[in-house]
Amino acid sequence: MREFYLNLNIDKPYIVVGDVHGCFDEFFELVNTAEEKYGKDLIVFSVGDTIDRGDYNLKTLNYCMQLQKENRFYEVKSNHLDKFYRYLKGNKVKISFGMQKTVDEFLKFSEKEKEKLRQEVISYYENLPLYIVINQNVVVCHAGIKDEYIGKTDEKVKSFVLYGQTTGKYTEKGFPERLDWTKERHLKPDSPKIIYGHVVYDEPYINNLCYGIDTGCVLGNKLTAYNPITDEFLFVKAKRQYYSFDD
């Protein structure tokens, strides 16, 4: 599978939505709220990780694929959907508790339904970009990107975009110890805004024109969307807590 990035020029209103993680109700409400505010011609961009940990993972994924068919939605590649893609391809992957919820949903389908969805998701994921450049002044990616990586799609760039920057060590809970790559950014007059997810914050994290918008909806906090044109945030409070890292 050859990786690529998209370079888009759009003249419609658009938002970028943080990690949904199977929170379908909140995602659906956020899209509708944004359309009411900005118009029905709104384009929705996703930083990825639309599945796993939540209660409606495949419903969320099907909604994303439907929006994409209607030319209303763009998603970038991300570590959780990448893993599910590899699972559907028959590769051996370690299934975490969060991913198990997605797999359990998948296994409830009939063989015919499973095969249909498997083909649809594989095709969908293989046609997702690593990241998206919008109007030369905004970059949408999953875990982040360095300025010198923009325009490139090699393995080093792919790893950074999917997983971010880590120390090589692990936390007490077994997660990779992450570095705040935004602190190293040196801004120039033409530096684009970089909008990303992957790392959970209580509130949107803004540093050096980098916007971290994963606000842990699946953990019971809220789902966030950002409008880079108007510099506005939209929020939908989580209906409940769907997942805990302490489980």
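Let's start with helix α6, residues 155-163, where the buried residues are V157, K158, F160, V161 and L162. By buried I mean under 20% relative accessible area, with exposed over 50% and partly exposed in between, using a 1.4 Å probe and protein chains only. Helices (H or I, at least four residues) and strands (E, at least two) are DSSP runs, numbered from the N terminus.

A quick word on provenance, everyone: this is a predicted model, so local features need pLDDT of at least 70 and side-chain atom pairs count only at pLDDT 80 or more, while totals for chains, interfaces and linings use all residues. Residues are numbered from 1 along each chain as its sequence is written, and side-chain values use heavy atoms, with hydrogens and water left out.

Back to α6. What covers its buried residues? The cover includes α3 (79-88), α5 (111-126) and β9 (193-200); contact here means heavy atoms within 4.5 Å. At the start of the helix, a side-chain oxygen of D154 comes to within 3.1 Å of the backbone nitrogen of K156. For polar contacts, the rule is a pair of N or O atoms within 3.5 Å; within protein, one must be able to donate a hydrogen and the other to accept it, and residues adjacent in sequence count only if both atoms are side-chain atoms. Just after the helix, G164 adopts a positive phi of about 80°.

Is K158 buried or exposed? K158 has a relative accessible area of 16%, so it counts as buried. Leaving aside neighbours within four places in sequence, K158 is in contact with E3 and L130. F160, also in α6, is buried at 7%. Not counting residues up to four places away in sequence, F160 touches A143, G144, I145, K146, Y149, Q165 and W181. F160 and F97 are 63 residues apart in sequence, and their C-alpha atoms are 24 Å apart in space.

Now over to helix α4, residues 97-107. Its buried residues are G98, M99, K101, T102, V103, E105 and F106, and their cover includes α2 (57-69), α3 and α5.

One loop residue for you as well: S191, between β8 (176-178) and β9. S191 counts as buried because its relative accessibility is 13%. A polar atom of the S191 side chain lies 2.7 Å from the backbone nitrogen of K188. Not counting residues up to four places away in sequence, S191 touches R185, H186 and L209.

Finally, let's zoom out. The protein chain has 6 helices and 13 strands. Its radius of gyration is 17 Å, close to the 18 Å that the globule rule gives for 247 residues, so the chain is as compact as a globular protein of that length. That radius is taken over C-alpha atoms, and the rule is 2.2 Å times the number of residues to the power 0.38. Along its principal axes, the C-alpha trace spans about 55 × 45 × 35 Å. Of the 247 residues, 51% count as buried. Among contacts with a separation of 6 or more, 66% come from residues 24 or more positions apart.
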